[in-house]
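Please read the numbered points with the sequence and the model at hand.

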Amino acid sequence: MKLEVNNLKKSYGEKLVLDDIDFSFESGKIYGLIGRNGAGKTTFFNSLNSDIDIDSGSFYLEDEYGKNSLSTNDIGYVVSTPIVPEFLTAREFLEFFMEINKDKVDKDKTVDDYFSLVQISREDQDKLLKDYSHGMKNKMQILINVIAHPRVILLDEPLTSLDVVVQDEMKKLFKSLKNKHIIIFSTHILEIAMDLCDEIIILNNGKLELIEKSNL
């Protein structure tokens with residue numbers, strides 16, 4: 001499976017952020033998208049997810065059945081600041097999400113199975129989400145974006161608020177998913193990208209450039 005980005009251009013006023021980008025992403029790899037703060041990494045993700053209007057460009061998914069335009073239903077987007085319904089417990093939220101996405105969720109897995117996937121303890125499962133730490137909310141956000149089986153997973157700085165142990169747990173989870181998904185992982189921390197990602201891409205001056213790890 002491939003994700004093709006063709007002629008993507010995005011400006012804010014006179015500032016050109018994404019400059020006629022052409023790039024192809026494949027399943028089976030985790031792509032590390034790195035760049036300075038303000039380089040346009042989140043703008044790139046928001047363009048793919050149709051959260052912003054672009055100046056020009058098109059996105060396609062290609063698999064054994066052919067090529068189709070990318071839709072928001074194909075995408076799971078983990079934003080850097082997690083947004084969760086704080087008036088619900090984690091269990092209530094997960095049960096609700098599984099119910100409204102029952103046509104996508106793995107029917108062989110229970111709510112407890114999914115909590116185990118991101119190492120959320122039984123004690124924490126029945127806490128209100130408003131009482132979760134930033135890192136715990138991030139784990140819930142990652143979880144719901146994984147269980148709906150999106151074909152493309154966009155991860156915008158998902159590990160920066162997590163401690164080292166939890167980071168390692170999430171890295172193992174992402175690696176276990178890469179063969180069935182296209183995963184693009186945005187970070188400004190080179191060490192995390194080098195440890196997790198199969199390919200490193202730099203966004204600089206509006207262009208995407210694939211960089212050999214040895215050259216970094």
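Predicted model: local features only at pLDDT ≥ 70, side-chain atom pairs only at ≥ 80, totals over all residues.

**Notes on pockets, aromatic rings and backbone**

1. The second largest pocket has a lining of 16 residues, and those nearest its centre are Thr72, Asn73, Ile75, Gly76 and Lys104. A pocket here is an open set of points on a 1 Å grid over the protein atoms alone, where a 1.4 Å probe fits, with protein on both sides within 12 Å along at least five of seven lines; lining residues have an atom within 4 Å of a point. The space in this second largest pocket is about 250 Å³, a volume being the space filled by probe spheres set on the points, which are joined across faces, edges and corners. Strand 6 (75-78) and helix 5 each contribute at least two residues to this lining, and strand 6 has the largest share, with 3 residues. Helices (H or I, at least four residues) and strands (E, at least two) are DSSP runs, numbered from the N terminus. By class, the lining of the second largest pocket comprises 6 nonpolar, 7 polar and 3 charged residues. In this classification Ala, Val, Leu, Ile, Met, Phe, Trp, Tyr, Cys and Pro are nonpolar, Asp, Glu, Lys and Arg are charged, and the others, Gly among them, are polar.

2. Residues are numbered from 1 along each chain as its sequence is written, and side-chain values use heavy atoms, with hydrogens and water left out.

3. On confidence, pLDDT is the predictor's confidence in each residue, from 0 to 100. The protein has a mean pLDDT of 89, with 99% of its residues at 70 or more.

4. The largest pocket holds about 300 Å³ of space. Of the 14 residues in its lining, Val146, His149, Leu177, Lys180 and His181 lie nearest the centre. Helix 3 (111-117), helix 5 (134-147) and helix 6 (164-177) each provide at least two lining residues, with helix 6 giving the most, 3 residues. The lining of the largest pocket divides into 7 nonpolar, 4 polar and 3 charged residues.

5. The structure contains 6 aromatic pairs. Rings of Phe, Tyr and Trp (its six-membered ring) pair if their centres lie within 6.5 Å; planes under 30 degrees apart are stacked, over 60 edge-to-face and the rest tilted. Why is the pair of phenylalanine 25 and phenylalanine 44 described as tilted? The centres of these two rings are 6.3 Å apart and their planes stand at 45°, so the pair is tilted. Because phenylalanine 25 belongs to strand 2 (residues 15-26) and phenylalanine 44 to helix 1 (residues 41-48), the pair ties together parts that are 19 residues apart in sequence. Phenylalanine 44 also forms a tilted pair with phenylalanine 45, at 6.3 Å centre to centre and 40° between the planes. One aromatic cluster is formed by Phe23, Phe25, Tyr31, Phe44, Phe45 and Tyr77.

6. Phenylalanine 25 is buried, at 1% relative accessibility (buried means under 20% relative accessible area, exposed over 50%, and partly exposed in between, with a 1.4 Å probe and protein chains only). Phenylalanine 44 and phenylalanine 45 are both buried as well. Helix 1 is largely enclosed by the rest of the structure, because 7 of its 8 residues are buried; among them are Lys41, Thr43 and Asn46.

7. Two residues deserve attention for their backbone. Serine 50 is not a glycine, yet has a positive phi of about 60°; this residue lies in the loop between helix 1 and strand 4 (56-63) and is exposed, with a relative accessible area of 52%. Glutamate 157, also not a glycine, has a positive phi of about 50°. Glutamate 157 lies in the loop between strand 7 and helix 6 and is buried, at 10%.

8. Proline 158 lies in the loop between strand 7 (152-156) and helix 6. Is proline 158 buried or exposed? Proline 158 is buried, with a relative accessible area of 0%. Its C-alpha atom is separated by 8.0 Å from that of isoleucine 142, 16 residues apart along the chain.
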